Amino acid sequence: MKRILLLFAFTFMVIGQTLSAREWTVSSVSSSNEAVFYVTLQDKGGTNVNPLANDFQLGAFVDGVCRGLGTAQYTTGTTTSSCVFVFRIPVTSADADKTVDFALLVGGNTEYTLSEASGSNPITLTGGDQTVGYPSGSHKLLFTAPTNVKAAGDGVIEMDVYNTVTLSDVLVFEPEGANVPDNYDVSVGNYIENMKVENGVLTALKPNQPAEFYQNISVSFSTNATNNYVYADIPVTISNPIAAITLKDGSTNTLTVPLNDSETTSKLATLINVTGKYAEANYTGQVIWSLKSGDETGIELAEGGTQVTPVKVGEYVLTANNEAGTLTGVDITLTVIQLATSLSALYPNGITVIQGSQMNDYLEHLYRIEPADATHDKSTVTYTFSGTTDDGSEIFSTLDYTGIGLVTTAANIGSGTITVKHPDIEESLSIPVNVIKGVPGPKEGVLEPLSISVPKEQLDNLDITDDLKKHVSVYSKLQWDWSEFTWESSVTTVVKPAETAAGFIAAGYGMTTISGSKTVTACGFDAEGNFVAELEQTGNIMFDVTIVQGLSGISIEGFTIGCEDKDQILTVTTDPAGIILEDAEISFGIPSLADQTPILSLERVEGTNTWKVTPDYPGSGALTVNYGDFNDEATVTISQHLNLAEGWSWISTYAGEISLSADNANNVLEARSQAALTYNDPVYGFFGDLNTLDGTSAYKVKVKEGVTFDYTADNARLYSNDVTTVTLQPGWNWVNNPCAKNHSFDEIFSKAELPENSSVVALTGFMAYAEGQWSGSLESINAGEGYLIYNPGTENISFNIQPDRFMSEFVASNEAETTQSRTLMANARANRTELTYNPRRFADNMSIIASLPEGIDSECYTVVPFVGEECRGESKLVDGRYFITVHGQKGEQVSFRIFDNQTGEYENSPVKMPFSMMEGSIKAPVVLGTSTTGIESITIDQNNHDGSDPVIYDMQGRRVSKDARGLLIINGEKVFVN
């Protein structure tokens, strides 16, 4: 052990003594008796000792009391001079039989207890006069003066912290055999924090810091020498022995190390906490490891268990303890593994894998870790995939799947590399990989069936190989190459191999199965799940092929339909029948108007050779169909289709003339234009000057009871694709509608500059013009319907109607009527037969614009016209005016019922009027009322049926003449007339 002596200059402190100091004052005893002693000192070698030190006193003690001090007298011999100490001690009889003890005091502070030298016995007092010895034969006392002091053994006091040591047990005075002072000074100097001395006992308070340093105690005493003071520093080492060994927080009691690991001991030390008795300082001593369980030959414990070396693979339990083995200790499970030292490829030339393979399945089968008994954790091995195709695409694709992790797939055909890296091996391993196209699986190997049309004359001669190749390329998921397979036909009478090339010939009609086989060699797993680097894998493609008789021709048939017909079908007939034509191959040429607008459109019915025909505009022409080398054409006409129910209809002809000499025209009872009419007499037949409905007028046509008039014009000569000019003469005009489609009323008339109080009347409604706007019950002008237009002016007026293609087609709303009056009428007609009416019973109708008296909320009421007890029409409320259409004939009187929209109850209006063309206007409506409104009775004559004169009522709602005076209602406004 290295010792470093630290010398410090300090003032001596008496920390403790081995014996208490004697009292050296001579006790006074009065007696006439005295004991005389002659005493000399001898060292251990028998040589007389003369006093050398200053203050050298020899005392005689009885019962611990100083009874006398020796007087030093020197004798002179022939060669030496000896000192004889003479004692004269008064004694009494009480001293009898007591022993005299001798002690030496040197330097005034250090005492020595003396014993008799060999040959001298202790002196016993007699209590009387006595003499012991004489100058040349003196009583001999043994005294060898100490010249030094040190610790026993190697000169160092070794202690554990908090332990004590009695100094007298560990101090050695030199020379050997020297007298030991009864008292000496001991000082700890600057080490008062580390140790203390009390009553000759040294206590260790704190370990050395650092542990290899010494700290000293200083021992001093006086001795018989010229320089009679001895001073010595004695090294003291205070150790901090291990008090506890525990497992570190956060550490496990397991450790894995490689075989022959030289750092095992230090690794074990990182798992434990070692604490000394003095917790604030580093411990001294060593941790001792012992084998608790496991193969004894597997662990080498060197240097008393302080060094651990694993020499055999296995699992061991080691215990950490202190050198004395007195602690509970900590057990550590040590796993010794054999590290991998190298990687080698099992297939040095690389492997072949099929495109789409998951590389993760193969990786651990591609290399070997050496040595064979190396401990191998698969999760620590990493793999890097590299390689690109000619177009720069990555050979491998790696994706991170939730719950699975990274999965690498051989995504593209080409050559790549797998790099294997083991954390314990410096060199990585590269494995070449060739990715090839595989073979079809069981599911993807069955393709859709194929049908090939072959004309009869080409049987046994037509090469269909290209059709088969295309089918394989289009319908296989991986677009297999035909040339990669070996092909055969199951029925060679249907499809047979070609004689001169690797192909197939259509031999006959029927069905066969074409199958192809492909074999590749690549790595994979056999039926038992074993990895095979070169595994033959075979896949098949198969599909049914039907040879059917090929197409010899196509044909279509022409038709004549009206724009109203929506159920016409065009059929393309094939020869032979049953061949479904391909969409991509078929095309149609559709006849058009002069501006190239098609007169119809076609929509194929899926899976058939039929097309739904939608007529768009009247016209006629050749409809052509083309399919490959085949074509046909037929004449089609889009005209007007009339289907008139029994009773009266107001019609227009917009396409072709309607001849009353047609086969089914006998169902017409009567027809009228504005200028002519005809009647179908049971005897004379059609009687009159109206033979053809040719679009020069609107027409009123009555169909016989119980039948219909279903007629389609055979041409479209009347239809105009240009602007139509309508000229209105003063008064009523029966106007033919030239449009083949329905259009909104506003689109037809918004730009027509007609005079105030003009009217447009249809069979079931009308519109009136006032103050620059139209109001009434018509929403649209409908194709095929006739209209009466009233010109209240005195001159002809013209307006234009644009062609259909320049206007939007009107589509009636499917939403329910929202006005209370419509709701009431719908509910009433559903439950009350007296509110139903037939608008076709009469050729004419009457247009009435009416209102309720001022102050009445018109929204709460609905007006219904009657003739007698028969409902003859209905009304529509627009901006406070009721637009009422009444169906009837001259000579009838029209009355009104006013329904409460909340209760459904009604009252009869007192207002009545004869049937005429029209009554009332927007400005001057007919004011209707009941007895509760203040209007008692109004009967309207036929003078002002056209509204040309002002309509005047009094305040009770009665119509009055223009000569009336007072507060009146004139054309709907209150006026005071003088």
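**Figure legends: views of a predicted model**

In this predicted model, the mean pLDDT of the chain is 88, with 90% of residues reaching 70 or more.

**View 1. Overall form of the chain.** The chain contains 83 strands and 5 helices. Its radius of gyration is 70 Å, well over the 30 Å given by the globule rule for 978 residues, so the chain is more spread out than a compact globule. The C-alpha trace spans about 210 × 110 × 45 Å along its principal axes. Of contacts between residues at least 6 apart in sequence, 67% join residues at least 24 apart.

**View 2. Surface and charge.** The accessible surface of the chain amounts to about 48900 Å², and carbon and sulfur atoms account for 46% of this area. The chain carries 55 positive and 121 negative charges, whose mean positions lie 7 Å apart.

**View 3. Surroundings of Asn-434.** Asn-434 lies in strand β35, which comprises residues 429-436. Its relative accessibility is 31%, so Asn-434 counts as partly exposed. Beyond its neighbours within four places in sequence, Asn-434 contacts Ile-351, Thr-352, Val-353, Gly-414 and Ser-415. The C-alpha atom of Ile-395, 39 residues away along the chain, is separated from that of Asn-434 by 9.6 Å.

View 4. Where pLDDT is low, predicted coordinates should not be read in detail.

Technical notes:
Residues are numbered from 1 along each chain as its sequence is written. This is a predicted model: local features need pLDDT of at least 70, side-chain atom pairs count only at pLDDT 80 or more; totals for chains, interfaces and linings use all residues. Side-chain values use heavy atoms; hydrogens and water are left out. Helices (H or I, at least four residues) and strands (E, at least two) are DSSP runs, numbered from the N terminus. Buried means under 20% relative accessible area, exposed over 50%, partly exposed in between (1.4 Å probe, protein chains only). Contact means heavy atoms within 4.5 Å. pLDDT is the predictor's confidence in each residue, from 0 to 100. The radius of gyration is taken over C-alpha atoms; the globule rule is 2.2 Å times the number of residues to the power 0.38. Accessible areas come from the Shrake-Rupley method with a 1.4 Å probe; for residues, only the protein chains shown count as cover. Lys and Arg count as positive and Asp and Glu as negative; His and the chain ends are not counted. The place of a charge is taken as NZ of Lys, CZ of Arg, CG of Asp or CD of Glu.
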